[in-house]
Amino acid sequence: MEYVDGPTLQSAITRGALAPERVVEVIRDVAAGLDHAHSHGVVHRDVKPANILLRRDGVAKLADLGIATAAERTSITRSDIVLGTASYMAPEQLAGERAGPAADVYALAAVAYEALSGRKARSGKTPVEVAHEVVSGAPPDLREAWPDAPRAAASALTRGMAREPDRRPPSAGALAADLERALSPGRLREDDTEATAPVAPSRAVTREAPASRARPRRE
């Protein structure tokens with residue numbers, strides 16, 4: 001495979017939330033890769049920040065198709081076990097059902113949520129807790145983690161992480177386009193003019209970095 005000179009998205013997020021315009025670039029690149037794979041009948045099944053490589057020139061690359069499922073319904077890995085990373089897995093995937101392109105759309109929305117807010121969309125003390133939240137809970141609202149998030153961006157990610165696959169955007173590219181429109185400079189300025197009540201730190205993550213790690217510049 002191509003050698004990518006640069007860090008993973010996971011490494012970038014450890015320094016804090018990314019600038020909205022940078023998130024749009026990354027999600028757009030990853031979505032293009034996913035749509036290409038889906039057009040050839042391949043579902044990634046493990047889209048997460050650790051599998052997204054950020055090239056030095058800014059291009060994002062999706063890696064590690066080690067647990068992908070091909071169109072002829074044969075798995076590269078065993079088919080009788082649930083594979084993936086719980087925080088980014090769609091409800092149908094956790095239920096052991098066949099994961100289609102919609103599962104990758106779900107994971108991409110979860111990745112975007114984390115890149116924009118600096119925290120995972122789904123969390124828990126154990127993978128079982130995370131899985132229970134995914135299967136039983138409503139899709140998370142981006143504004144709980146980023147109070148200043150545009151409503152349209154929060155709505156786009158809520159749709160992307162909808163419990164039912166047919167309620168998600170029809171493709172990864174459609175999700176990326178929704179997010180790009182929602183995070184356009186004009187939309188961000190529009191939301192800035194509408195002051196919102198501050199959210200208590202105990203219930204939301206502000207745009208400041210956690211005390212344990214430095215806050216990056218939004219480049």
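Helix α4 (residues 101-117) contributes three residues to the lining of the largest cavity, the most of any element. In this briefing, helices are DSSP runs of H or I with at least four residues, numbered from the N terminus. The model is a predicted one, where local features need pLDDT of at least 70 and side-chain atom pairs count only at pLDDT 80 or more, while totals for chains, interfaces and linings use all residues. Residues are numbered from 1 along each chain as its sequence is written, and side-chain values use heavy atoms, with hydrogens and water left out.

**The cavity**

- One cavity of 30 Å³ or more is counted, a cavity being a set of points on a 1 Å grid over the protein atoms alone where a 1.4 Å probe fits but cannot get out.
- The largest cavity holds about 50 Å³ of space; grid points are joined across faces, edges and corners, and the volume is the space filled by probe spheres set on the points.
- Its lining residues (those with an atom within 4 Å of a point) are Arg45, Asp46, Val47, Thr85, Tyr88, Met89, Gln93, Ala103, Asp104 and Ala107.
- That lining divides into five nonpolar, two polar and three charged residues, where Ala, Val, Leu, Ile, Met, Phe, Trp, Tyr, Cys and Pro count as nonpolar, Asp, Glu, Lys and Arg as charged, and the others, Gly among them, as polar.

**α2 with α4**

- Helix α2 (residues 20-39) and α4 have axes that come within 10 Å and cross at roughly 165°; axes are lines fitted to C-alpha atoms over the stretch in contact, and angles run from 0 to 180 degrees between N-to-C directions.
- The pair is therefore roughly antiparallel, the word for angles over 145 degrees, with those under 35 called roughly parallel.
- In contact (heavy atoms within 4.5 Å) are Pro20, Val23, Ile27, Val30, Ala31, Leu34 and His38 of α2 with Pro101, Asp104, Leu108, Val111, Ala112, Ala115 and Leu116 of α4.
- Twelve of these contact residues are nonpolar, one is polar and one is charged.

**α4 with α8**

- α4 and α8 have axes 9 Å apart and pack at an angle of about 30°, which makes them roughly parallel.
- Their crossing is right-handed.
- Val105, Leu108, Ala109, Ala112 and Leu116 of α4 make the contact with Ala172, Leu175 and Leu179 of α8, giving eight nonpolar, no polar and no charged residues.

**α7 with α8**

- The axes of helix α7 (residues 151-160) and helix α8 (residues 172-182) come within 8 Å and cross at roughly 165°, so α7 and α8 are roughly antiparallel.
- This crossing is left-handed.

Technical notes
On a 1 Å grid over the protein atoms alone, a cavity is a set of points where a 1.4 Å probe fits but cannot get out, and a pocket is an open set with protein on both sides within 12 Å along at least five of seven lines; lining residues have an atom within 4 Å of a point. Helices (H or I, at least four residues) and strands (E, at least two) are DSSP runs, numbered from the N terminus. Angles under 35 degrees count as roughly parallel, over 145 as roughly antiparallel, 65 to 115 as roughly perpendicular and the rest as oblique. A crossing is left-handed if the near helix is turned anticlockwise from the far one by less than a right angle, and right-handed if clockwise.
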